[in-house]
Amino acid sequence: MSPSVAQLAGATASLIRIPIATPYWGEQSGQAFTVRAVVQINATSAAIRQLLLNVSAYPEWNNFVPRVSFPTAYTSNSPQPNGSLGEGLLFTEHVDMFGKGKPSGLVRMRLLMTTLEETEHEGGKAYKVIWLGKGYPEWALRSERVHAIYPNGDGTCTYDVWETFSGPLALLVRLFVGGALVKRFRQWNQELKEYVERKSEVTGR
């Protein structure tokens, strides 16, 4: 594994200089790179997916993205937010990039959820949730985050999330916040793991 891997109680995260292809943008080159985090969770895939989509609960567990907001106006044919993410929904993550824990230091990231996929997997249902960065012109910076949740067949699941950045500004992202992204992705996975495992214990999975 890459020497940039960081570990925290089972969660791992790394910055990958050979980028992982994503469903929408495909193979990327140039200054492209990927940040990836993986963790094993003692909970069902459905419980993990539900927590991931339920952004109204993010303040309870998610110190990387303690808040998510939605546009104030939607057209009549746009999906309506109800505290949860759905396909075709625009939303804004309020990101604590450097872990300072101060509302005044949150950075806004505009995103579009494109995919909520369910497939049969050995041991149960697997899910894939995908969203695109919409904060910059596509010629300048492209980003796509993939969340993959799949059962291991032993009562646990693997949660694998990666985001690939490409375009001329990707180099600046890597140089200035690449290390912070590795730490925050690791934090996201670990906090999600701990929260959903506690909830599963209470509800009996």
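Modeller: Accessible areas come from the Shrake-Rupley method with a 1.4 Å probe, and for residues only the protein chains shown count as cover. This is a predicted model, where local features need pLDDT of at least 70 and side-chain atom pairs pLDDT 80 or more, while totals for chains, interfaces and linings use all residues. Numbering runs from 1 along each chain as its sequence is written, and side-chain values use heavy atoms, without hydrogens or water.

Colleague: Thanks! What share of the chain's accessible surface belongs to carbon and sulfur atoms?

Modeller: The surface of the chain comes to about 10,500 Å². Of that area, the share of carbon and sulfur atoms is 52%.

Colleague: And in what order do the elements run from the N terminus?

Modeller: The chain holds three helices and nine strands (DSSP runs: H or I of at least four residues, E of at least two, numbered from the N terminus). From that end, the order is β-β-β-α-α-β-β-β-β-β-β-α.

Colleague: What percentage of the contacts with a separation of 6 or more joins residues 24 or more positions apart?

Modeller: A contact means heavy atoms within 4.5 Å. Among contacts in the chain with a separation of 6 or more, residues 24 or more positions apart account for 60%.

Colleague: Is Ser166 buried or exposed?

Modeller: Ser166 sits in strand S9 and touches, beyond four places in sequence, Gln28, Ala32, Ala140, Leu141 and Arg142. Its relative accessible area is 2%. Buried means under 20%, exposed over 50%, partly exposed in between (1.4 Å probe, protein chains only). Therefore Ser166 counts as buried.

Colleague: Lastly, what percentage of the chain's residues is buried?

Modeller: The chain has 205 residues. Buried ones make up 47%.
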